[in-house]
Amino acid sequence: MRVLKLILAALLALGLFPLSAQTVIATDAASDYPKRPIRMLVPNAPGSSSDVLGRLLALKLGEVIGQQIVVENHAGAGGQIGMEMGKNAAPDGYTIILTSPPAMTILPNLRKTPYDPLNDFQFVSLFAVLPNVLVVAPALPIKTVQELIDYTKSKPGQINMASAGPGSQSHLAGEMLKLAGNFPSVHVPYKGGGPSVLSVVSGETQWTITPAAAVMGHVNSGRLRAIAHSLPQRTPLLAGIPAISESIPGFSYSAWNGMLLPKGTPAPIVEKLRAALLKTLMLAEVREFFGKNGAEVITNTPEEFRNLVKAEIESTGKVVKAAGLKVD
């Protein structure tokens, strides 16, 4: 069989074999895929929402598909570093890229990126949607959105907003909140969601608004106080936490996580991995873990996923322009 594969590949390279042979080879390659560990690129820092959800997903997906999936964090530049690595990886199914709005829809509106979010990857599916949660340090006398606004206005230049870095989800969400609530706050960027959240825990900064999975563990342990979330209305996922829209009508801005592969990955491998992903997301322990971290399991087709990204690039561009955002 190995010799046959080599012969077919040589004939294809010389243009001496019909195109359908490519499908035969790809299908055959998928039949024993995966036969070695897979790496999962997470373009975010440890402790970020993508990292928290991605690590459990990697563990359970590996069990379903029959190979270890190794998580690699490549944070920095708003997700650009990890995304570029994913774009340049071999399209053989052994590199998975987890992605989210910062790298796919926000950063391309702030600067030219070395990757095209719509055309340089193979879309697989969304796997989670999660609201941003507005949190403050428990020591502060702030329990509502209005109290945050009033407190910040009473201490001009003294209240800091942490973010996971310029162009991150928390950066855009924070700027949107300041714009909608008409209040000032100094932006303090960190190298990733984990460090930015810990800065609020330590009191180095006073607040952040970031995907739920990055903060709910701290909220549940009492190290942070959640005062609102970004869904249009209250949700059982975040019981007892009001929506920001109750204080600022119309405010709504939530996050998502999805899976990509390098462009050119053979269709049979894409479909095998996608089927394993969907099976993994049906597991009770996965849904329970996601729920505890404020995330809801969601899936869609590759085309639906791509269309979502395209629409959000356009809508995010309008927000970026209105807020006058630039990469620091």
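The structure holds six aromatic pairs, where rings of Phe, Tyr and Trp (its six-membered ring) pair if their centres lie within 6.5 Å, and planes under 30 degrees apart count as stacked, over 60 as edge-to-face and the rest as tilted. This is a predicted model, in which local features need pLDDT of at least 70 and side-chain atom pairs count only at pLDDT 80 or more, whereas totals for chains, interfaces and linings use all residues. Residues are numbered from 1 along each chain as its sequence is written, and side-chain values use heavy atoms, with hydrogens and water left out.

The rings of Phe123 and Phe305 have centres 5.0 Å apart and planes at 85°, so this pair is edge-to-face. Because Phe123 lies in strand β4 and Phe305 in helix α12, the pair ties together parts that are 182 residues apart in sequence; helices (H or I, at least four residues) and strands (E, at least two) are DSSP runs, numbered from the N terminus. Both Phe123 and Phe305 are buried, where buried means under 20% relative accessible area, exposed over 50%, and partly exposed in between (1.4 Å probe, protein chains only). Together with Trp256, Phe123 and Phe305 form one aromatic cluster.

Phe127 and Phe290 also form an aromatic pair, a tilted one with 6.3 Å centre to centre and 55° between the planes. Phe127 lies in strand β4 and Phe290 in helix α11 (residues 284–292), so the pair ties together parts that are 163 residues apart in sequence. Both Phe127 and Phe290 are buried.

Helix α12 (residues 302–323) also packs with helix α5 (residues 101–110), at an angle of about 45° and with the axes 9 Å apart; axes are lines fitted to C-alpha atoms, for helices over the stretch in contact, and angles run from 0 to 180 degrees between N-to-C directions. That angle makes α5 oblique to α12, given that angles under 35 degrees count as roughly parallel, over 145 as roughly antiparallel, 65 to 115 as roughly perpendicular and the rest as oblique. The contact (heavy atoms within 4.5 Å) is made by Pro101, Met104, Thr105, Ile106, Asn109 and Leu110 of α5 and by Val309, Glu312, Ile313, Thr316, Gly317 and Val320 of α12.

Elsewhere, helix α6 (residues 145–154) has Val145, Leu148, Ile149, Tyr151 and Thr152 as its buried residues, and what covers them includes β4 (121–136), α7 (169–181), β7 (207–211) and β8 (225–229). Phe183, in the loop between α7 and β6 (186–189), counts as buried at 5% relative accessibility. Leaving aside neighbours within four places in sequence, Phe183 is in contact with Leu148, Ile149, Thr152, Lys153, Leu177, Lys178 and Trp207.

The backbone remains to be considered. Most residues other than glycine have a negative phi, and most peptide bonds are trans. Asn182, in the loop between α7 and β6, has a positive phi near 55° although the residue is other than glycine, and at 59% relative accessibility Asn182 counts as exposed. Ala77, found in the loop between β2 (69–73) and α4 (80–88), likewise has a positive phi, of about 60°, but is partly exposed, with a relative accessible area of 36%. Finally, a cis peptide bond with omega of about -5° joins Tyr33 and Pro34, and Pro34 has its place in the loop between α2 (20–31) and β1 (38–42).
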